[in-house]
Amino acid sequence: MVSCECNSKQGSLTTTISENEEIEIFQISNRYYEQEHEELPQELFEGNARWVEQMHENDSLFFEKLTKGQNPNYLFIGCSDSRVPAEQILGLGAGDLFVHRNIANVVNLTDHSLNAVIQFAVENLKVKHIIVCGHYDCGGIKAALAPHDHGPLHSWLCEVKEVVDGNKAELSVINSKEKRMEKIVELNVIQQCKNVMKLNRVQKSWKKYGIPHIQGIVFDIKTGQLIDLEIKNSKLYDEIKESHDSEL
Ligand SMILES: [Zn+2]
């Protein structure tokens with residue numbers, strides 16, 4: 001016999017479950033679990049087995065080296081889009097890249113997750129480069145320009161909308177819709193690089209040790225190539241220092 005109590009503002013509700021009902025609930029949940037287990041995609045485990053074998057073939061000490069810890073030179077901040085696999089497009093592998101991804105590669109200063117990632121990357125891993133990587137044909141950028149409300153996605157993409165609003169003059173002279181979208185992708189990356197520089201711990205590290213270097217790149221889905229937006233720390237800093245340098 002199991003007793004369940006639910007308290008609410010309206011009062012206390014007590015229900016009693018019989019032993020037979022308890023057994024039935026257990027059997028239902030167990031069946032559900034078994035069904036779920038059967039539906040686990042085996043292709044992922046098969047893919048993993050092939051990868052493990054390949055890594056052993058390439059380097060018999062590969063996994064032993066991974067157990068020694070990580071020392072990546074790069075923090076990669078990219079879009080969640082499945083067509084932009086961070087390590088692959090940079091020709092890197094396990095242990096080379098510390099990664100954070102979200103929709104439209106936004107650096108939101110109130111994002112605790114990203115702030116924690118940047119703190120760890122700068123203060124513990126002491127990464128030499130923070131790379132903000134956008135990509136053409138970005139669904140997040142398209143969604144930001146759509147007139148209707150996307151719920152939480154809408155508020156997440158406010159940062160991108162501000163990029164568009166802040167660069168109206170430059171964007172208005174681009175006649176091709178595709179080129180205009182590509183320009184927004186690039187401007188968004190530049191803005192997110194500025195946001196990285198606004199972070200106090202990034203500024204402090206850069207002033208004291210000369211790192212991290214903030215880099216802005218765009219992945220061209222059509223060609224697979226990367227475009228360097230030639231971001232410079234000093235230029236970023238000049239643009240944000242008046243409002244985002246606590247030491248001035
Ligand atoms: Zn995207």
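**Exercise 1. Find out whether Glu230 is buried or exposed, and where Glu230 sits.**

Step 1: Count the neighbours. Glu230 has 9 other C-beta atoms within 10 Å. A residue is buried if 20 or more other C-beta atoms lie within 10 Å of its own, exposed if 12 or fewer, and partly exposed in between, with C-beta atoms placed from the backbone. Glu230 is therefore exposed.

Step 2: Glu230 lies in the loop between β7 (226–228) and α12. Helices (H or I, at least four residues) and strands (E, at least two) are DSSP runs, numbered from the N terminus.

Step 3: Check the backbone. The phi of Glu230 is positive, near 50°, in a residue other than glycine.

A word on the model before going on: it is predicted, so local features need pLDDT of at least 70 and side-chain atom pairs count only at pLDDT 80 or more, while totals for chains, interfaces and linings use all residues. Residues are numbered from 1 along each chain as its sequence is written.

**Exercise 2. Describe helix α5 and say which residues of α5 are buried.**

Step 1: Start with length. Helix α5 (residues 112–124) has 13 residues and spans 17 Å from its first C-alpha to its last, close to the 18 Å expected at 1.5 Å a residue. The expected span is 1.5 Å times one less than the number of residues.

Step 2: List the buried positions. In α5 these are Leu114, Ile118, Ala121 and Val122. They cover an arc of only 90° around the axis, so they sit on the same side of α5; the arc is that of the directions from the helix axis to the C-beta atoms.

Step 3: Look at what they touch. The buried residues of α5 pack against β3 (74–79), β4 (97–102), β5 (129–135) and α11 (200–209). Two residues are in contact if their C-beta atoms, placed from the backbone, lie within 7 Å.

Step 4: Turn to the other face. Turned away from the buried side are the exposed residues His112, Ser113, Ala116, Glu123 and Asn124.

Step 5: Follow the chain onward. After α5 comes Lys126, with a positive phi near 50°.

**Exercise 3. Work out how α10 packs with α8 and with α12.**

Step 1: Take α8 first. Helix α8 (residues 158–166) and helix α10 (residues 177–198) pack at about 110°, with their axes 10 Å apart. That makes α8 roughly perpendicular to α10. Angles under 35 degrees count as roughly parallel, over 145 as roughly antiparallel, 65 to 115 as roughly perpendicular and the rest as oblique. Axes are lines fitted to C-alpha atoms, for helices over the stretch in contact, and angles run from 0 to 180 degrees between N-to-C directions.

Step 2: Name the contact residues. Val160, Val163 and Val164 of α8 meet Ile184, Leu187, Asn188 and Gln191 of α10.

Step 3: Now take α12. The axes of α10 and helix α12 (residues 233–244) come within 9 Å and cross at roughly 60°, and α10 and α12 are therefore oblique to each other.

Step 4: Finish with the residues. Cys193, Lys194, Met197 and Lys198 in α10 meet Asn233, Leu236, Tyr237, Glu239, Ile240 and His244 in α12.
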